[in-house]
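Keep the model open beside the text and try each task before reading on.

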Amino acid sequence: MLWRRKLLVPLAALTLVLSASAGAGAAPSPAPASASAPAASAAVDFGAPGPYATAVEVGAVTTLYYPRDIADSDRRHPVIVWGNGTFAFPVVYRDLLLHWASQGFIVAAANTPQSNLGISMRAGIDMLTRRNSDPDSIFRDHVDLEHIGASGHSQGGAAAIVVGSDPRIDTILPIQPGPLADINSVHVPALLLAGEKDSIVFPFLVKAFYNAADHIPALYGEVRGADHFTVVGDAGPFAAPTTAWFRAQLMGDQAARAQFFGPACGICTDSTTWSDVRRNGLALNIPAVSP
């Protein structure tokens, strides 16, 4: 398809550049704060690095981004499964995935450059389930398998919608999702993100998913000035809202929740970041503070 062909050259080139700088295998990355467990609403600026130092583990099927000292953690950490854009690999999105890990999430990123079916994303959940029960694993009893989100970019955004039919998934956050998915099979809240200047996955394609999602709480956010590759490398304006969404949905963060729900929702009044924000009737009925 055209959107896949147009994605090949720039993402393939960027993968080579970032792979050279990132390296392979387990790679700890520092965070500016201590590795103690954060409070439920630890950060008002959700685009700022979280309190956890981070590490990377590159496997055959899945690359993990996670809090480095997870073996000593006093809590279970929610999971985000990730799907790449066409011909891309997790290293292309390294900054965003490490940012989520610094906020206390375990990110299971599928290594496949063809993620649309969501098979490798589901495999990431299966692998973390096994490691959570493995007495020799650093993840033993530290994976919150009751709180799992799905996200991805472009073809991987479509995969996040596909995986949204899995009963283990609690929310989805497709970023500029390609068209090969059926959101009617999703039964969890969705935040669908588009780029105002995206000429590969045009905003109207993302709006089509939003319009079809009248059976679930759904929000549509169009990032002002963003093209299809704004999320690649430095995630820029995508870092804060994606973090806030997952903190709200998977951690019960009330400050994050207020960014999306209630009459004074944060993204609704932020015209600097957003060129268009929409919430369907089911999302409008959700209060800013959970009962």
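Helices (H or I, at least four residues) and strands (E, at least two) are DSSP runs, numbered from the N terminus. Residues are numbered from 1 along each chain as its sequence is written, and side-chain values use heavy atoms, with hydrogens and water left out. The model is predicted, so local features need pLDDT of at least 70, side-chain atom pairs count only at pLDDT 80 or more, and totals for chains, interfaces and linings use all residues.

**Exercise 1. Find the partners of strand β5, and say how the chain gets from β5 to β6.**

Step 1. Locate the strand: β5 spans residues 143–153. Eight of its 11 residues are buried, where buried means under 20% relative accessible area, exposed over 50%, and partly exposed in between (1.4 Å probe, protein chains only).

Step 2. Look for pairing, which requires that DSSP finds at least two bridges between two strands. Seven bridges link β5 in the parallel sense to β3, residues 77–83. In this pair H77 faces V143 of β5, and G83 stands opposite G152 of β5.

Step 3. Turn to β6, residues 171–175, which runs parallel to β5 and is joined to it by five bridges. Here G149 stands opposite T171 in β6.

Step 4. Follow the chain from β5 through helix α4 (residues 155–163) to β6: this β-α-β crossover is right-handed. The term applies if, with the strands pointing away from the viewer, the path from the first strand over the helix to the second runs clockwise.

**Exercise 2. Describe how covered β3 is and which strand it joins through four bridges.**

Step 1. Check burial: seven of the seven residues of β3 are buried.

Step 2. Four bridges connect β3 with strand β4 (residues 106–110), and the two run parallel. W82 stands opposite A109 in β4.

**Exercise 3. How many disulfides does the whole structure hold, and which cysteines form a disulfide?**

Step 1. Apply the criterion, a pair of cysteine sulfur atoms within 2.5 Å. A search of the whole structure gives one disulfide.

Step 2. Identify the cysteines: C265 and C268, with sulfur atoms 1.7 Å apart.

Step 3. Read the handedness. The torsion about the S-S bond of C265 and C268 is about 95 degrees, so the disulfide is right-handed.

Step 4. Check accessibility at both ends. C265 is buried at 0% relative accessibility, whereas C268 is partly exposed at 36%.

**Exercise 4. Describe the lining of the second largest pocket.**

Step 1. On a 1 Å grid over the protein atoms alone, a cavity is a set of points where a 1.4 Å probe fits but cannot get out, and a pocket is an open set with protein on both sides within 12 Å along at least five of seven lines; lining residues have an atom within 4 Å of a point. Grid points are joined across faces, edges and corners, and a volume is the space filled by probe spheres set on the points.

Step 2. The volume of the second largest pocket is about 180 Å³. Its lining has 14 residues, and A240, P241, Q259, D270 and W274 are the closest to the centre.

Step 3. Assign the elements: α6 (239–251) and α8 (266–269) are those that give two or more residues to this lining. The largest share, three residues, comes from α6.

Step 4. Sort by class: nine lining residues are nonpolar, three polar and two charged. Ala, Val, Leu, Ile, Met, Phe, Trp, Tyr, Cys and Pro count as nonpolar, Asp, Glu, Lys and Arg as charged, and the others, Gly among them, as polar.
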